[in-house]
Amino acid sequence: MLLWQEYRAAHPEGYGYTWFCEQFRSFENRTRPSFRNRHEPGAVMQSDYAGHTIPIIDPATGAVHQVQIFVAVLGASNYTFTWVSLTQTLPDWIEAQVRALTFFGGVTKAIVCDNLKAAVAKPLWFEPSITK
């Protein structure tokens, strides 16, 4: 109903509600319900740490360490880079970013980081303080 109301606001002489619903159902049957996120090539690199850690074994000592998985993705192509580090601290994050950009062979217009804990000094809902 809301879609039709918005449509009629833009096109006052357009389809009636029943015809609009039939056309919309026809459109739904031809399309997949997946999100289409279109990125301009070279516009954005998205980066974050994956939620889970994985164990690695130090071959020299046999000690098991839980490592963090860093992931960077180019938005247009979904070309992906991964790197593991011992922590999610700022120095490890910066190293991972540099390695990702080196791997991709250049710098995008923007780097989008999703909720990076290492970069937030004080996590406030509307105005978090970012680390220097």
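**Helix packing and selected residues in the predicted model**

Pro123 is exposed, at a relative accessible area of 71%. The model described here is predicted. Pro123 sits in the loop that links strand E6 (120-122) to strand E7 (129-130). Gln68 lies 55 residues from Pro123 in sequence. In space, the two C-alpha atoms are 21 Å apart.

Asn78 is placed between strand E3 (64-74) and strand E4 (80-85). The backbone of Asn78 has a positive phi of about 65 degrees, although the residue is not a glycine.

Helix packing was examined next for H1 and H2. Two packed helices are described by the angle between their axes and the distance between the axes. Helix H1 covers residues 2-10, and helix H2 covers residues 17-30. Their axes come within 10 Å. The crossing angle is roughly 115 degrees. Angles of 65 to 115 degrees count as roughly perpendicular, and H1 and H2 are therefore roughly perpendicular to each other. The crossing of H1 past H2 is right-handed. On the H1 side, the contact involves Leu3, Trp4 and Tyr7. These residues meet Tyr17, Phe20 and Phe24 of H2. By class, the contact has 6 nonpolar residues, with no polar and no charged ones.

Arg99 belongs to helix H3, which spans residues 90-104. The relative accessible area of Arg99 is 36%, so the residue is partly exposed. Beyond its neighbours within four places in sequence, Arg99 is in contact with Phe81 and Trp83. Phe81 is 18 residues from Arg99 in sequence. The C-alpha atoms of Arg99 and Phe81 are 8.8 Å apart.

Cysteines were considered last. A disulfide is a covalent bond between the sulfur atoms of two cysteines. The structure holds 0 disulfides. Cys21 has a relative accessible area of 17%. The cut-off for buried is under 20%, so Cys21 is buried. Cys113, at 32% relative accessibility, counts as partly exposed.

Terms used:
Residues numbered from 1 in each chain as written. Predicted model: local features only at pLDDT ≥ 70, side-chain atom pairs only at ≥ 80, totals over all residues. Heavy atoms only, no water. Axes fitted to C-alpha atoms, helices over the stretch in contact; angles between N-to-C directions. Helix = DSSP H or I, 4+ residues; strand = E, 2+ residues; numbered from the N terminus. Parallel < 35°, antiparallel > 145°, perpendicular 65-115°, else oblique. Left-handed = near helix turned anticlockwise from the far one by under 90°. Contact = heavy atoms within 4.5 Å. Nonpolar A, V, L, I, M, F, W, Y, C, P; charged D, E, K, R; others polar. Buried < 20%, exposed > 50% of the residue type's maximum accessible area, 1.4 Å probe, protein only. Disulfide = S-S within 2.5 Å.
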